[in-house]
Amino acid sequence: MARIENLGGEESGATTMLGACIRKEILCHLASVRFWVATLITVILAAGATLVAARDYESRLERYEDRLAAQQRELRNVSVYSFLQPVVLRPPEPLSVLDQGFDARLGTEVRIHLFGIPTHATGSSRGNELLAGLPAAEVDLTTIVSVILGLLALLLACDAVTCEREEGTLRTLLAQGVSRRVVLAGKALGGLLTLCLALTAALGVSFAVLTPTVGWEPYAGRGLRMAGLVASYLLYLALMFLLGLLISLRARSSARALVVAVLLWLVTVVVLPQVAWTAAASLVDTQEAASRTEVRERRLAESERRRLGEAFARHPLRRAFSGHTAISYTAGSHGGVRYRNGSAAYYDALREYYGFAVRSGLLQAEQSYATHRRYEERLRQAERLGFWLSAASPAVLLDRLSESFAGTSFEDHDAFLAESRRYRQTLLTFLTRQSAFRSWRWFTDDPPERLYPWPRFLGLRPEEVDAARVHLLFNRLSSAAIQPKLQLQRSAAEADPSRRLDLAGLPGFAYRGPKLRDCLCRAAPEGLFLLLLVILTGAAAWSRFVRYPVR
């Protein structure tokens, strides 16, 4: 029983000493000028960067809503299926206010059409173009934590042991019976708690700026992701502090420790990432892959044009202009067409042609997508090489981690493109179910029961127009006597609501952003690697401190 009481007393005494060591470290750090200067700079930069990012988010959100409304108006005016090319949009990510990542740099909209599989998005400009010229426009809270607080963590720890050894306080402390384990744990925990105060100040001012500008409503369901973002900051600061502590245990003097700490920060945070990505770009040749891809896609496009040209010329009504030919032709992007004022025979011939064109276009889209994927894989090789070359930088790991939790990573952009490709398949299924490819409605909104071929403006039937008089009669359509009738007929057709497609069953598209599970899966490699570095650095510091000379 006495032995148990002694053990309990020893544990209680160790806990008391640990608490005392933690308080001592916190008070020492709070008394240092470097802590208050770094914290002040962090708070000022966090407030400015968050304000700029919040306003940019508002601008991008407004543009997203305007574009969404414009898309709805555009869909209401579609009259032929080949013009049905909806635009899918990715809303701005609210957490991009804290970590911009790729959210404002990559495209946010994709036009869906059958003859192209989405490989990239457009609309990549910032919400407010004037913000691009501001220095703070490229800075976010993650950058501030990585650069400013990362340096502070190194500076707080780099002389934590050497300074006490030089002053003799470390020898006195150990002589009083305080174990080395308690001393090291006190220094580590005290330093981390001090860094938490600086981080809390930065987070507090960011949320104070964020709340009236963006509000809390967009953050519904994102609380756990935000917690993951904060946890990433803490893990990074823990590693940087332990690296500084290890420097303090290795350096012979406080001055040398300070120099080594600054050099380590400069190399790992500033130099290494730039050198790594530059080296990756030079080691993996993407220019040749881009040239080969361009040549392949050009050949595919030329082959497609030749194939379609041959198919169009197979039918005599399509081969040459006649009284049956439609005179009003509008070509939309990516194969969208609209004819008017043609005969039933001509429209039947076009229906046969476009049935072939759709099948050929779908095949060509698959081939073009496969070509692009090979090129993209080459780009990904350079990206993966750059990451592994720079993985020794804690700042790079933090960037990858925070982007994953904020939903602003390149993988999130890829997820949007993947969702766009799935929606294209959904649209293809919808058009097939509507028999769009086998009907006149693919290319014309002329009602079958009210056809008005162009010879009727001249008092003729299509069959009465022979080949010798086609161009002569066609030129008469531009005369002052015929043009008003033609324009009146076209205006009536445009205003006729019955010519609009009924798109009540058209599937909708909504991109909700990443789920927590997706964020955890993406962040797992970098998070585990960063945690492993923390454990290894802590073990190295403990191994060194056990044999550390106090004189």
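Select serine 82. It sits in the loop between helix H2 (33-76) and strand E1 (87-89); helices (H or I, at least four residues) and strands (E, at least two) are DSSP runs, numbered from the N terminus. This is a predicted model, where local features need pLDDT of at least 70, side-chain atom pairs count only at pLDDT 80 or more, and totals for chains, interfaces and linings use all residues. Residues are numbered from 1 along each chain as its sequence is written, and side-chain values use heavy atoms, without hydrogens and water.

Serine 82 is buried at 4% relative accessibility (buried means under 20% relative accessible area, exposed over 50%, partly exposed in between; 1.4 Å probe, protein chains only). Show its contacts (heavy atoms within 4.5 Å). Beyond neighbours within four places in sequence, serine 82 touches Gly335, Gly336, Val337, Trp442 and Phe443. A polar atom of the serine 82 side chain lies 2.8 Å from the backbone oxygen of tryptophan 442.

Move to tryptophan 442. Its relative accessible area is 4%, so tryptophan 442 is buried. Now turn to ring pairs: rings of Phe, Tyr and Trp (its six-membered ring) with centres within 6.5 Å, stacked under 30 degrees between planes, edge-to-face over 60, tilted for the rest. The count is 21 aromatic pairs. In one, phenylalanine 437 and tryptophan 442 have ring centres 5.2 Å apart and planes at 65 degrees, so they are edge-to-face. Phenylalanine 437 is buried too, at 15% relative accessibility.

Next, select Phe312, Tyr339, Tyr346, Tyr347, Tyr353, Tyr354, Trp440 and Phe443. Ring pairs link these residues into a cluster.

Last, find charges over rings (NZ of Lys or CZ of Arg within 6 Å of the ring centre and within 35 degrees of the ring normal). Arginine 105 lies over the face of phenylalanine 102, 4.7 Å from the ring centre. Arginine 180 lies over phenylalanine 545, at 5.7 Å.

How values were computed:
Polar contact = N/O pair within 3.5 Å; in protein donor to acceptor, adjacent residues only side chain to side chain.
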